[in-house]
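Please look over the sequence and the model shown here.

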Amino acid sequence: MQQFMSALLLGLIGGAPFALLGLGLVLVYRGSRVFNFAQGEFGTVSAFTAYLLSFRLPIGISMLIGIGVGVLMGLLTERLVVQPLFNAPKVTLLVATAAVATGSIALQLAIGDAALRSYPPLIEGNAFEPFNVPIRWQQLLVVLALAGVAIALYLFFKTALGTAVLAAAQEPVATDLVGIGTRKMSALVWGLAGLVGGITGVIVAALQPFTPGYVTSDFLIFAFVAAVVGGMTSMPGAVLGGLVLGLVQSFSASYLADIRWISDNIPAVGEVTVFILLIAVLAFRPTGLLGKEA
Amino acid sequence: MAVADAVLDHPDSAERAKSVVRWIPRLAAWGVLAAFLLVFPLSLETFHAQRWSLGVVFAIAALSLNVLIGYAGQISLGHQGFLGVGAFVSAYVVTVHQQTFWVGLLAGALSGAVASLLMGVVALRVRGLYLALVTLAYGRMAQETLFNLGIFGKGSGVEAPRPALLLGDHAFYYFSLVVLAGVLFFNWRFVRSKAGRAVSAVRENEQVAASYGIPVSRYKLIAFVVSGAFVGLAGTLYAFLNGRVDSQGINFEMALFLVLITVVGGLRSPAGILVFTALFEVLPTYVGDYFGIRWSFWLLALGPALLIITLVFYPGGVGQQIKPITSWMTGGPFRVHHGEQFVQEGVSGRP
Amino acid sequence: MAVLDVDDISIRFGGLQALGNVSVKAQELEIVGLIGPNGAGKTTLFNCITGFYRPNDGRVRFLGVDVTEIPIHQRAAMGMGRTFQQVGLVKGATVLENLITAQHTKVEYSAGAGILGAGNTWAEEKVLRQRAMEILDLVGLAHLAHRRVAGLPYGTMKNVEMAAVLATDPEILMLDEPTSGMGPEESHTFGDVLLRLRKELGLTVLMIEHHVPLVVAVCDYVYCLNFGQLLTEGKPEDVRTHPEVVTAYLGEEAEEVA
């Protein structure tokens with residue numbers, strides 16, 4: 001019981017960053033039909049900026065500016081990479097966003113170095129300890145950020161503008177009817193993605209010390225898997241997928257790794273279950289849990 | 001048949017008599033190139049000889065990726081995972097099973113082919129963006145789990161002792177060149193034979209390929225096998241170049257580096273890939289030597305920018321830019337071709 | 001024995017009956033025409049015959065063999081050659097490369113032997129090249145051998161496509177609107193070429209064609225489809241003047257006007 005409850009709690013909390021990052025991925029996919037490999041870097045760059053500013057400014061303001069830089073990076077990516085490749089195959093665009101991510105990591109290395117960085121947590125200490133599982137305030141903040149972003153996006157997509165954004169990918173003509181050109185719409189989507197990515201970055205970077213490329217290397221692949229599990233086109237799906245993925249990871253870490261043969265022979269068994277989950281979903285249920293199309 | 005004979009003989013058959021004269025400057029150019037690749041490295045000290053070997057390893061891996069992305073039109077963002085399989089299996093066979101290096105080389109190629117074939121089976125069902133994601137996830141899983149398995153030393157890696165013949169770093173460099181030459185030969189025959197043509201047809205239009213009698217799935221898998229065998233060879237060289245292999249360097253950065261040199265080098269252009277790999281793998285070493293390590297980070301940042309510029313403005317990559325040279329070197333005229341994407345030829349045929 | 005015997009084929013897409021109980025035969029050396037207004041199901045029938053679609057009911061027999069269940073590429077290997085409405089060619093390759101690719105099933109060496117550069121592959125490659133040039137000569141396209149397909153005009157591409165299908169060495173040649181994009185002059189020439197090819201290569205032909213004068217000039221037998229049903233069949237002259245055929249086409253024209 002103790003083991004089960006702790007795996008459950010850790011899974012739900014561990015899945016929150018995947019869900020948060022996954023929301024950004026789904027946003028871009030619905031708006032531009034592309035897998036955005038730079039989504040994680042929108043986050044790391046924001047965190048990196050907030051870190052650098054935190055020496056001179058209060059941490060809250062540093063984080064806000066950091067998020068702003070994330071938005072800027074989303075807009076720049078859209079203008080310099082997505083627009084020029086508008087008619088290219090989507091896989092080409094995917095490779096291009098991966099290049100943006102790598103370039104961003106290289107720049108962080110060139111400006112700083114590979115050393116670990118951390119900024120002070122917003123709230124110190126543990127929030128509570130249910131079933132002897134210590135839950136830090138910092139972890140709870142990620143969950144709160146997830147809830148906040150999810151609700152905000154939900155409300156935004158209820159508005160006329162939000163509906164038009166979602167229609168843009170399927171019907172480029174339809175957006176012209178609302179009076180906003182396809183190009184502005186695309187910029188809006190990527191700006192929003194930068195915003196969501198930036199919030200993700202500054203919040204998860206407070207969880208532990210981070211290095212260049214932190215959000216990409218620690219969360220991006222899992223966020224993608226989460227989005228795919230959720231159906232890639234569904235925002236609630238991304239949230240659900242993120243939590244499912246967190247649970248899959250925590251339960252494999254807790255139960256599978258308990259089996260001696262596995263812990264002796266298969267390191268990081270959680271990676272394997274996630275990989276198998278991804279293949280299984282794509283092969284047998286490509287529309288995911290809540291997706292409407294493959 | 002008259003026209004056919006003329007065309008088969010090639011348009012410039014009349015010039016054939018002059019061919020001996022035509023080839024003198026070309027042979028001289030080949031000689032200079034050979035001397036640079038074969039004689040100059042003799043002057044290198046150990047560290048640089050190893051870097052040159054590493055360049056050859058990456059060139060082979062990029063040629064492998066070119067088979068998938070260029071010829072077959074399949075994306076792989078986890079190619080380092082296949083390189084790693086070749087590296088670990090060859091080292092394992094030699095160290096644990098006491099086999100010779102040559103058996104290890106064979107095992108490396110075979111295991112790479114098998115691992116890639118398995119991904120090919122997935123690729124029959126999962127396409128495009130989703131395949132990119134699967135390969136990416138595979139690469140990560142390989143690095144975190146596969147390469148840290150119990151049989152591979154649980155994270156401490158596997159020894160890969162070189163045979164006596166290749167102990168010297170210069171000897172190893174020349175051997176890598178021989179493997180590269182072999183891969184180039186197989187790549188050439190692949191493109192110019194049944195399999196390559198079928199794979200290209202499948203890439204461009206599966207329905208047309210099938211209506212020509214080409215079994216589409218089988219040739220997709222063949223492309224994965226060929227690519228896997230190439231990168232398995234590269235992996236073997238990678239392991240034995242370093243003398244041991246662990247999961248540290250075989251990461252996503254390597255996967256992206258391979259995509260970078262393949263795409264910027266030029267899809268379907270082995271010459272372009274070789275030239276760009278030489279520039280981008282070997283040059284930074286010297287930059288790092290002379291200007292300090294931070295400059296190699298800046299260079300690292302330059303790579304992705306080059307990739308995006310290539311994707312947007314020069315889809316043919318370096319291969320397209322050096323076409324006049326490669327065309328001349330292989331006996332053709334020194335003529336600037338137009339970019340493939342923008343070819344707009346008139347109605348009239350050849351004179 | 002008929003070369004091609006399509007027996008009572010039906011296919012549904014969701015609720016839509018695309019083809020209902022269609023039977024079509026082509027005897028050896030016949031040129032059979034398939035006409036009907038747009039959306040009548042002509043290309044769907046082609047796709048059922050060549051294996052791109054699996055019919056819900058009915059059988060397709062080719063050279064006396066029931067091929068209903070076998071995949072596209074095996075039917076092609078047996079000698080089913082087809083063209084596509086939207087030009088089926090490897091457009092990034094040259095004309096010659098397309099014709100060599102099309103000879104896939106004629107290649108005797110294995111894929112592996114080719115990659116390893118085994119001794120016998122080199123000579124065979126020469127033979128493939130030679131044969132491709134012979135076919136290009138036959139259809140008068142040899143001067144375009146080294147041109148990339150992508151840059152050629154539409155009508156020329158259609159001809160190249162037919163040459164590529166001929167390179168597969170088909171028993172039956174199935175043409176999907178071969179003269180689309182051609183003027184009356186060109187399509188007349190095309191008719192002559194088709195008749196000559198039948199004689200020289202011993203071909204059976206099934207073709208979808210809108211050009212009525214061409215159909216009358218070259219076809220031995222004609223089937224007319226409308227709304228997925230066989231409207232009528234017979235000699236070209238009879239079908240052309242058949243009242244229902246006239247109405248079907250008139251209806252289409254009326255719609256086009258509207």
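## Chain B on its own

What percentage of the 351 residues of chain B count as buried? The value is 54%, where buried means under 20% relative accessible area, exposed means over 50%, and partly exposed lies in between (1.4 Å probe, protein chains only). The model is predicted, so local features need pLDDT of at least 70 and side-chain atom pairs count only at pLDDT 80 or more, while totals for chains, interfaces and linings use all residues. Residues are numbered from 1 along each chain as its sequence is written, chains are lettered from A and ligands numbered from 1 in the order in which they are written, and side-chain values use heavy atoms, with hydrogens and water left out.

Chain B has 15 helices and 2 strands. These are DSSP runs, numbered from the N terminus: helices are H or I with at least four residues, strands are E with at least two. Contact means heavy atoms within 4.5 Å. Among contacts in chain B between residues at least 6 apart in sequence, 77% join residues at least 24 apart. The accessible surface of chain B is about 15,200 Å², by the Shrake-Rupley method with a 1.4 Å probe, where for residues only the protein chains shown count as cover. Carbon and sulfur atoms hold 67% of that surface.

## Where chain B meets chain C

Here 39 residues of chain B touch 48 residues of chain C. The two chains bury about 3,800 Å² between them. Buried area is the accessible area (1.4 Å probe) that two parts lose on being put together, summed over both. Carbon and sulfur atoms account for 63% of it.

There is 1 salt bridge between chain B and chain C, meaning a side-chain nitrogen of Lys or Arg within 4 Å of a carboxyl oxygen of Asp or Glu. Arg197(B) pairs with Glu125(C), and their closest N and O atoms are 2.9 Å apart. On the side of chain B that touches chain C, the elements giving two or more residues are helices H1 (2–8), H7 (169–191), H8 (194–204), H9 (206–211) and H10 (216–242) of chain B. H8(B) gives the most, with 7 residues. By class, this side has 22 nonpolar, 8 polar and 9 charged residues. Ala, Val, Leu, Ile, Met, Phe, Trp, Tyr, Cys and Pro count as nonpolar, Asp, Glu, Lys and Arg as charged, and the others, Gly among them, as polar.

## Where chain A meets chain B

This contact takes 45 residues from chain A and 34 residues from chain B. The pair buries about 3,600 Å², with 80% of it on carbon and sulfur atoms.

The count between chain A and chain B is 1 salt bridge. Arg140(B) forms it with Glu271(A), the closest N and O atoms being 3.0 Å apart. On the side of chain A that touches chain B, helices H4 (90–111), H9 (214–230), H11 (260–265) and H12 (269–284) of chain A each give two or more residues. H4(A) supplies the largest share, 16 residues. By class, this side of chain A has 34 nonpolar, 7 polar and 4 charged residues.

## Backbone details

Arg268(B) has a positive phi of about 65° although it is not a glycine. Arg268(B) lies in the loop between helix H11 (252–265) and helix H12 (270–291) of chain B. At 39% relative accessibility, Arg268(B) counts as partly exposed.

Asn21(C) also has a positive phi, near 50°, and is not a glycine. Asn21(C) sits in strand E2 (residues 16–26) of chain C.
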